[in-house]
Amino acid sequence: MRSFAYVVPDSVAGAVDALAAAEPGTKILAGGTTLYDLMKLGIEAPPAVIDIHRLAELTEISTGEDGLSFGAGARMAEVADHPVVRRDYPALSESLWRAASQQLRNMATVGGNLLQRTRCGYFRGGAEFPCNKRNPGSGCAALEGLDRTHALLGTSDTCIATYPGDWAVALIAFDAELDVVGPAGERTLPLGELHVEPGDNPLLEHTLAPDELILRIRVPATPAGRGSTYHKIRDRESYAFALTSAATAVTLDAQGLVTDCRIGLGGVATRPWRATTAERSLIGEQLTRETARRAGEVAFAEARPPRTGAFRVELGIRTVTDALLTAGKRAAR
């Protein structure tokens, strides 16, 4: 057991002050469903933990004409079951309830979920395995190891670890934004600018400063929300990480032509992946199995599959195809 300081602020301002005064490596505790695991494995050994899970100001959920707003401390279960989210943005709801068991969804927060770390077995396996994300400069065991579930997109010669989340994949398809706060005040950044590809520095996973805290997630209103779905393919049906997944949303005009298309890819990239070129390929087209598959092929055109993961390129294309057709049916209602 490693000792660490335990800090319980009574406000967001107090949490920011605690972060600003904290030693390097201090971690935020919200739901704890990822941090506890990493501490048990010895991957995270923070000198202090700042517990924010009791801060009511981080748990607010609001809906309106401008869109949705979720406090970073809102529980996954609460957001997934919110009637407006289920009705108007089914892809968001589905990405949450397909992500984890009910027990985890009851504890995990939507802000913390965005920052979960990879499930790569070599990252979590301990010091016997070289891992640039855990020990920079040590190498990447996955490059010559068991790589069936590793990333196809956004990889580098230093890391091929897959981003594991579902929620961020759905959010990126809807142009979500984050409000964050630190000692310098609040700022807003697009969700698409939160996560970074490994490049030469796999240790850097996101663009938040060490003393910044996510306040809320905002999703702008869009008619594409109702015509959306989150399609997730995994080795087992219940609560496994994705082999491939797709968050898709479309709007159709009176002639059935696509006027708006959103495609987010999960389980296949080093960060939540927006397939913008594939989206553009469908604009002005009838949504058929042929055009949907073509969009899927465009989405995976630049895939660099690992040695034993090539099957996931075709699986990913089929996932996008089926997700688009489901979204189209919902949009046509």
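Gly125 lies in the loop between α8 (121-124) and α9 (167-173), where helices (H or I, at least four residues) and strands (E, at least two) are DSSP runs numbered from the N terminus. The model is predicted: local features need pLDDT of at least 70 and side-chain atom pairs count only at pLDDT 80 or more, while totals for chains, interfaces and linings use all residues. Residues are numbered from 1 along each chain as its sequence is written, and side-chain values use heavy atoms, with hydrogens and water left out. With a relative accessible area of 31%, Gly125 is partly exposed; buried means under 20% relative accessible area, exposed over 50%, and partly exposed in between (1.4 Å probe, protein chains only). Gly125 and Gly71 are separated by 54 residues in sequence and by 33 Å in space, C-alpha to C-alpha.

Three aromatic pairs are present in the structure. Rings of Phe, Tyr and Trp (its six-membered ring) pair if their centres lie within 6.5 Å; planes under 30 degrees apart count as stacked, over 60 as edge-to-face and the rest as tilted. One of the pairs, Tyr89 with Phe174, is edge-to-face, at 5.6 Å centre to centre and 80° between the planes. This pair links distant parts of the chain, 85 residues apart: Tyr89 is in the loop between α4 (83-88) and α5 (90-97), and Phe174 is in the loop between α9 and β6 (177-182). Tyr89 is buried at 5% relative accessibility, and Phe174 is buried at 1%. The rings of Tyr122 and Phe129 have centres 5.3 Å apart and planes at 75°, so this pair is also edge-to-face. Here Tyr122 counts as buried at 13% relative accessibility, whereas Phe129 is partly exposed at 27%.

Three strands form an open sheet in the order β1-β3-β2, with parallel pairing. Strands β1 (5-7) and β2 (27-29) stand at the edges with a single partner strand each, so one side of each has no neighbour in the sheet. Two strands pair if DSSP finds at least two bridges between them. Strand β1 is joined to β3 (residues 48-51) by three bridges, and Val7 has Ile50 as its bridge partner in β3.

Helix α12 (residues 311-331) has 21 residues and should span 30 Å at 1.5 Å a residue, which agrees with the 30 Å between its end C-alpha atoms; the expected span is 1.5 Å times one less than the number of residues. Its buried residues include Arg312, Val313, Gly316, Ile317 and Leu324. The buried residues of α12 pack against β9 (228-233), β10 (244-252), β11 (258-266), α10 (276-282) and α11 (289-299), contact meaning heavy atoms within 4.5 Å.
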